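Student: Could we go through this structure together, one question at a time?

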Amino acid sequence: MRHSIVVLLSSFAIVVGAAVTERPARAETPVKIGIVQATSGGSAALYGVMQKNAAELAIEEINASGSLGDFKLVGIYEDDGGDRGQSVNIFQRLINQEKVSVILGPTLTTSAFAADPIAQKAQVPVIASSNTAPGVTNMGDYIFRTSPPESMVFPGVLAYVKKKSDPKTAAQIYGIDDALMKAAYGVQKAALDEAGIRIVATETFQKGDVDYSAQLTKIKASNPDILVIGGLAEETANIVRQARQLGLGPSTRILGANAAISTKLVELAGSAAEGFTVGSSWFIQFDNPKNKAFVAAYRNKYHSDPDTFAAQAYTSVQIFAAALKKAGGVSDSKKLRDAIAETKDFDSNTGPFSFAANRDPVVVPKVLIVKDGKFTLTTD
Amino acid sequence: MSTFMQQVVNGISLGSTYAVFAMGCTLIFGVLNIVNMAQGAFFMGGAYFGLEAANMGLPPLLAFFVALMGGGVLGILADLIVFRTLRARGAHRWMGLVASLALARMMVGVAQEVFGTQVQRYPQNMFQSIAFEVGGVRIQLLQIVIFLVSVVLMALLALTLQRSSVGRAIRTVAFDEDVARIVGVPVGRTTMMTFFLAGALAGASGMLLGNLFNVVSPFMGEQMLIKGLTVIILGGLGNVPGAVAGGFLLGLIEVFSVAYVSSSFRDAIGFGLIFLILLVKPTGLFSRFEERKA
Amino acid sequence: MNAVLQFLASYSNIIDLCLLNSLIGYALFLSLSANMFSLATGGFMALGAYCSVYMTMELGLPFSIATVAGAALAGVSAALIGAPVLRLRGDYFMLATFAFTEVVRVIALNWDSVTGGALGIVNIPRDTQTWHLALVLIAAIYLVHTLRGSYFGRAIAAIKQDEVVAGTMAIDVFKYRLLLFVANGFACGAAGAFAAHLNYFIGPGDFGLLRSVDALSYPILGGLNALFGPIVGAVFTTVLPEVLRFSNQLREILMGGLVVAIVLYLPGGALSVLDFKIGRPRNGKAVAETLRAKP
């Protein structure tokens, strides 16, 4: 008994001594970054995985470069499964327990509407890279996004298509139970109305649906010149495929929402995806040294191609790092927020990046078309 | 008119996969008196078995056979791991329900681990690209093949149930387990056979649906389970021909509600219908095929 | 003290959820005690949730009134559908309640003006406080406890043992069942109202088949014969996913596996320290004895 007390006391002394005498060579201040992305839970996972990968890549690179001096970025990743209930729980924990300085995400706009108010209230900045519905940044001045809203991108796409083939009629199909798809529909409809194109059919689907034959049969019967889809990549891919299988010929051009840009779309839709037209702020062959470096690094680490949301997530981390440096630390959250908001002409993989006054990104949208199985920039 | 006929084709196509799946559900219900919540997981499992087989280069028919067998094996596993023990203990039926649900959850988790959470598709095969235009109606070769395969499965099941000794054993146990024991039917083995059949049917319909819509994901079983429950109510619990008729009926109802009402009301019409049926004629729409006490 | 406060802040949501789910567990306990395997939980909760939210957000009524109104709406619907549905045999009853839940869900999905349609309603004021939930839960436990000891409770036990025989002993099986079903509806409606004002948002997907089945698992896992069974089952099901957060995929497998293990090896539920006789003694003497038994 006495022997064990001696052992206990001496080990206690050693531990205390070690803790007291240990002085790290350099005072490294960890800066915690919450990464809330869906890596499971259906079609959201596609985007979540890309963004998580890109964010972690950026964190790794920044830490390795030492450009932040004593600050070390620590990414804390949580999977919300595309379920907004989980997003809320995760935000609460990251903010109250982990005490993160910024949150990247969440993947889905629907989750953002539920969880962002918590961050706003706690004055923790949120930088989203895949929320493209209107109204996200209206939730508060701590909410930012590097993903352009659909309203900034689609009109450009439609203008291009109008110039190319002058369609007179259009059919729309969109998902009713997701904020993003519903918003995309609204934007697309407004643009179509403005361009004077008559909408001859409007159909809807629900998340998780796989059978679009009923809706597409109706659409085919209405004989539209173009088909406009408001959906995420997986659903869009299936609709495109089934549309072609049902006999909607290649003369009917298919347009999609920004969110549908993904290699997954081509993978699932196969040859049916040829000619699919969509707008984006980024594309993989963008000729810019920052982008080339990003794509090479991503390919090297993950053995696959990044998509537009990965690019945007990567930019989010870089912007945060720059703001962190400018603000000199994370202790003053207002100062940090202001530093983020003041980002102007930041050299990113989409070219010079700035936040607008309402914290949406300022971008020059590009029109992409699927050619030979790849998203390529339109040449005019 | 051609649009209407096209929708009919769509409905029949969809309905044939529902019918195959529902046959499995109703078989288990008829024999064991439980709703097996893991049927959806067998469905998903079969789809993946078929996918792996196709990816390995097996011709479609062989891959389909793998899906069938895979589903059947899953069914047997479920019986051995969960239901056998519950039956031996004389546990309440509710326990079977909770357990089968938990089992389904496990299987979905395993599928996510092994195959990833993203949607995959079957490799291109010749069925997918050929289609026929008949009077303005476009019928894909794939749809024809799926319909034929479903019919063959239904016929095989009917033959098995009516003619073979296994089928007789199953029908006896479905009638009354105690009577079956008295008459000398090996209840344990028969139950296992029932699970095999139900699992195989679920797996088969998984591959069929997966091919029809080119979607294979770990979550595809959850929706299907609800459809299965709907069909067996329509057709009558334990009523195999009813399940077939109910499956086609549901396929047509779904397609037509989307086509002529609105896609978001699709489910309302289905469920409203079954609610009415349960109140008015609980034994299902087709109960003259088989007697079953209400 | 600081650590405690921090713990509470980060886990307050989970604690509230445990309390809420325990309440639902007791509601199901009521219906299960008379052999009613009800999948209507989702539907009742939806009714309570949407009704109370409409009242607090559109009509500006105070939270307490809204909650009671929501619960009442659910209770009334239980009475309305109970009458025809309770006459059905066990499995048909279950499927009918399942159909009810789905019909409510689809109505919520489409009635955009009132329920916000597919996206549901966001920005719901967080009116539910932990003490609300705790208080209502305690009330529920007390109610169930008193019921068990009373004649009503013994009549229910008799019905559970053997319906037919109980019927011959001048127990109006239908009336007791209906009362329990309405109580179940009321409680689930209240739970729905609390849930809506806890999570900032509701959507039709929150109240479907999965909700109903989860609800059933609380009393079944915890122990159908134990007073605190529903709490044990609810806490287990609510806390375990959080505890297993370190892996999302394994989490599902582990949860499923644990539930299967409990069902297989503890058929009476986690609290089955009592003897849980699952057999069906088909004799009137046993039923009569149940009725005469001392509390």
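Here are some questions and answers about the predicted model.

Student: Which element gives the most to the side of chain B that touches chain A?
Tutor: The contact takes 27 residues from chain A and 24 residues from chain B. On the chain B side, α1 (2-32), β2 (137-140) and α11 (240-260) each supply at least two residues. With 5 residues, the top contributor is α1(B).

Student: How many residues of that side of chain B are charged?
Tutor: Sort the residues of chain B that touch chain A by class. There are 13 polar and 9 nonpolar residues. The charged ones number 2.

Student: How far apart are the end C-alpha atoms of helix α6 of chain B?
Tutor: Helix α6(B) covers residues 141-163, which is 23 residues. At 1.5 Å a residue, α6(B) should span 33 Å. The model agrees, with the end C-alpha atoms apart by 32 Å.

Student: Are α3(B) and α4(B) roughly parallel or antiparallel?
Tutor: Helix α3 (residues 60-89) and helix α4 (residues 93-115) of chain B pack with their axes 10 Å apart. Their angle is about 160°. Angles over 145 degrees count as roughly antiparallel. Therefore α3(B) and α4(B) are roughly antiparallel.

Student: How many charged residues does the contact of α3(B) with α4(B) have?
Tutor: From α3(B) come A78(B), V82(B), F83(B) and L86(B). They meet M95(B), G96(B), A99(B), S100(B) and L103(B) in α4(B). By class, 7 are nonpolar and 2 are polar. As for charged residues, the contact has none.

Terms used:
Residues numbered from 1 in each chain as written. Chains lettered and ligands numbered in written order. Predicted model: local features only at pLDDT ≥ 70, side-chain atom pairs only at ≥ 80, totals over all residues. Contact = placed C-beta atoms within 7 Å. Helix = DSSP H or I, 4+ residues; strand = E, 2+ residues; numbered from the N terminus. Nonpolar A, V, L, I, M, F, W, Y, C, P; charged D, E, K, R; others polar. Expected span 1.5 Å × (residues − 1). Axes fitted to C-alpha atoms, helices over the stretch in contact; angles between N-to-C directions. Parallel < 35°, antiparallel > 145°, perpendicular 65-115°, else oblique.
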